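I opened a new model today and went through its helices, core, pockets and rings. My entries are below.

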Amino acid sequence: MFFRRLKASLVYLLLLILTTPALAYEDPDNENLSSLISYLEKKGFEVQSLLDDPRFELYQDIADRFRKSAERKSQSLDSYKRVLNFEDKARKIDEFMAKYSDQLKQAEQEYGIPSSVIAAIIGIESDFGKNVGSYNPFNAYVSMYANEYRKDFAKAQILELLKFTKRKNIDVFDLKSSYAGAITFAQFIPYSLNKWFVGDDIFDMNNNIMSVGNYLAYFKKRTGDIETAVLRYNPSRLYTKAVMDLAEQARS
């Protein structure tokens, strides 16, 4: 009798678990995500359906990914370059520049940015288009917000991302990004996509080349030199030095 009652109880418990609707999010992120939903609704975006989507997930280690970034881990330029696989990129840059020579020349003429620097940026950011990241930008920014890491920045980027995907009629979950939410070969955050990206297809390399030139020209005009403009791309002196060194490796 005891075992029959135990079996019945277990069956009931299993049925209860299977028939209980899944929550879109759970504590401790509940309060943060509720405030995010409210904010975005006021901006004209309904995101509950995105949070309910099976492709949505919270990256609980998102803050650790930032703390363990190459810029923070590296104690010297040499160690930073090793993390970037700099020598491999130095071997590839001439081939990349030869393949996209026409577009690189056009970007240099139009924006006044050396084609080698544009190529070096794309090389450092995405290994010349071979690596755009394995994360999803919406998931990345919501995870940052939920975990209270760079919360205001994350909220702003979510809004920019939703504006971008709405304008381009893109399913936000079809996008890949770095853990930091940077998208496509140029690794632009959503704000930069909306402000400086040139062209419609974000995965067209020619558009990415022009966009990097457009971005750097904007900041070169405001900062006075190319190195400081590169620093605005990634606020790391190691990054800037690596980009400029890679540009110097180019023969063309």
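These are my notes, entry by entry.

**Set-up.** I am working on a predicted model, so local features need pLDDT of at least 70 and side-chain atom pairs count only at pLDDT 80 or more, while totals for chains, interfaces and linings use all residues. Residues are numbered from 1 along each chain as its sequence is written, and side-chain values use heavy atoms, with hydrogens and water left out.

**Helix α6.** I took elements as DSSP runs numbered from the N terminus: helices are H or I with at least four residues, strands are E with at least two. I scored burial by relative accessible area: buried is under 20%, exposed over 50%, partly exposed in between, with a 1.4 Å probe and protein chains only. Helix α6 covers residues 77-84, and its buried residues are Ser79, Tyr80, Lys81 and Leu84. I looked up what covers them and found, among others, α5 (70-73), α7 (86-99), α9 and α15 (237-249). Just after α6, Asn85 has a positive phi of about 60°.

**Positive phi elsewhere.** Phe128 is not glycine, yet its phi is positive, near 60°. Phe128 sits in the loop between α9 (115-126) and α10 (137-146). Its relative accessible area is 10%, so Phe128 is buried. Gln187 also has a positive phi, near 55°. I found Gln187 in the loop between α11 (151-168) and α12 (190-196). At 10% relative accessibility, Gln187 is buried.

**Core.** I defined a nonpolar core as buried Ala, Val, Leu, Ile, Met, Phe, Trp, Tyr and Cys residues joined through side-chain atoms within 4.5 Å. The largest one has 82 residues, and Phe96, Phe138 and Leu216 touch the most other members. Helix α13 (205-223) gives the most to this core, eight residues. I then listed contacts (heavy atoms within 4.5 Å). Leaving out residues up to four places away in sequence, Phe138 touches Leu50, Leu51, Phe56, Ile158, Leu161, Leu162, Val172 and Phe173.

**Pockets.** I used a 1 Å grid over the protein atoms alone; a pocket is an open set of points where a 1.4 Å probe fits, with protein on both sides within 12 Å along at least five of seven lines, and lining residues have an atom within 4 Å of a point. The largest pocket has a volume of about 1,400 Å³, taken as the space filled by probe spheres set on the points. It is lined by 43 residues; Glu71, Glu125, Tyr179, Ala180 and Asn234 lie nearest its centre. Helix α5 gives the largest share of this lining, four residues.

The second largest pocket holds about 190 Å³. Its lining includes Phe96, Phe128 and Met205.

**Rings.** I paired Phe, Tyr and Trp rings (six-membered ring for Trp) with centres within 6.5 Å; planes under 30 degrees apart are stacked, over 60 edge-to-face, the rest tilted. The whole structure has 20 aromatic pairs. Phe66 and Tyr179 are edge-to-face, because their centres are 5.1 Å apart and their planes at 85°. Phe66 is in helix α4 and Tyr179 in the loop between α11 and α12, 113 residues apart. Both Phe66 and Tyr179 are buried. Phe188 and Tyr215 form a tilted pair, 5.7 Å centre to centre with 40° between the planes. Both Phe188 and Tyr215 are buried. Ring pairs also link Phe188, Tyr191, Trp196, Phe197, Tyr215, Tyr218, Phe219 and Tyr233 into a cluster.
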